[in-house]
Amino acid sequence: MKHQQYIRELPESNTAVLFIHGILGTPDHFTRLGLVEEVPEDWSIYNILLAGHGGTADDFATATMDQWKGQVHHLTEELCRRYEHVYMVAHSMGTLFAINEALQQRRIERLFLINVPLRATLKSTIVINSLRVIFDKISDGDAVAAATRDAYSITPDRRLWKYGKWIPNYLALFAEIRSTRKKIKEISISCFVFQSKEDELVALSAVKYLKGNDHIKCWLLPHSGHFYYAEKDAAQMARAFRRFFRG
């Protein structure tokens, strides 16, 4: 079934990779990008599902930012106790959690971050595609809309008023963005970042914060969005992901 976390615990392994998806997202995001399969076979994998995701609009509304942060924090603490080496891979909101954990846990060695939302935007295309997802109106061949549908783990609900209950979570997300933006200069471990030029939710101006830290290697995906990745861009990211593990 889709939208379920994937855990591969290897008792003899000394290395773990933690994947953290974004708001409304799914662990499947990393699987579709081909990143999970690139993890060495003798390393443990924790591709988690955040609370309130993978269910209904009401399920998501009952979850909170504090709950997500706590979920990531407690798991990260456990991994840092159990493993000698810990790597974090994250998308969108998940990157904010990864950055904050990396500043607290010394055993986190590297970060691989996709579409870090240090500056938010809202393009009309994401609004339109989200409505297409809700009302099941995605046209054949519309790869961007299909990627949006596949990236959402919340079951579409045509009762639009239910989405009003999500406002507190988005307000909390904006607060987390502002808080994390101030900490970027503190990152002192190897960090690979990919930002999408056509991102519908993350402003391109976010790149300037990332480039101010020498520990961060930042690439721009010229033909990709927040959820959709052009074939060449995805291949570039996969190559960098393999280098990421080699140091």
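Visitor: What are the ground rules?

Guide: This is a predicted model, where local features need pLDDT of at least 70, side-chain atom pairs count only at pLDDT 80 or more, and totals for chains, interfaces and linings use all residues. Residues are numbered from 1 along each chain as its sequence is written, and side-chain values use heavy atoms, with hydrogens and water left out.

Visitor: What volume does the largest pocket have?

Guide: About 810 Å³. On a 1 Å grid over the protein atoms alone, a pocket is an open set of points with protein on both sides within 12 Å along at least five of seven lines, whereas a cavity is a set where a 1.4 Å probe fits but cannot get out. Lining residues have an atom within 4 Å of a point. Points are joined across faces, edges and corners, and the volume is the space filled by probe spheres set on them.

Visitor: Which residues lie nearest the centre of the largest pocket?

Guide: L24, S130, Y152, W166 and Y170, out of 31 lining residues. The elements giving two or more residues to that lining are α5 and α7 (167–181), and α5 has the largest share with 6 residues. Helices here are DSSP runs of H or I with at least four residues, strands are runs of E with at least two, and both are numbered from the N terminus.

Visitor: How does the lining of the largest pocket divide into nonpolar, polar and charged?

Guide: Into 22 nonpolar, 8 polar and 1 charged. Nonpolar covers Ala, Val, Leu, Ile, Met, Phe, Trp, Tyr, Cys and Pro; charged covers Asp, Glu, Lys and Arg; the others, Gly among them, are polar.

Visitor: And how many cavities of 30 Å³ or more are there?

Guide: The search of the whole structure finds 1. The largest cavity has a volume of about 40 Å³. Its lining consists of H21, G22, I23, G25, T26, H29, H91, A151 and F227, which split into 3 nonpolar, 6 polar and no charged.

Visitor: Back to L24. Where is it, and is it buried or exposed?

Guide: L24 sits in the loop between β2 and α1 (28–32). L24 counts as buried because its relative accessibility is 8%; buried means under 20% relative accessible area, exposed over 50%, and partly exposed in between, with a 1.4 Å probe and protein chains only. L24 also has a positive phi of about 70°, although it is not a glycine.

Visitor: What about D136?

Guide: D136 has a positive phi of about 55° and is not a glycine either. D136 belongs to the loop between α5 and α6, and it is exposed, at 63% relative accessible area.

Visitor: Switching to charges. How many salt bridges does the search find?

Guide: 9 in the whole structure. The criterion is a side-chain nitrogen of Lys or Arg within 4 Å of a carboxyl oxygen of Asp or Glu. One of them joins E9 and R82, at 3.3 Å from N to O. E9 is in the loop between β1 (6–8) and β2 (15–20) and R82 is in helix α3 (residues 65–82), so the pair links distant parts of the chain, 73 residues apart. E9, E78 and R82 are linked in a network of salt bridges.

Visitor: Where does I154 sit, and what is 8.5 Å from it?

Guide: I154 is in the loop between α6 and α7, and it is buried at 9% relative accessible area. D59 is 8.5 Å away, C-alpha to C-alpha, while 95 residues separate I154 and D59 in sequence.
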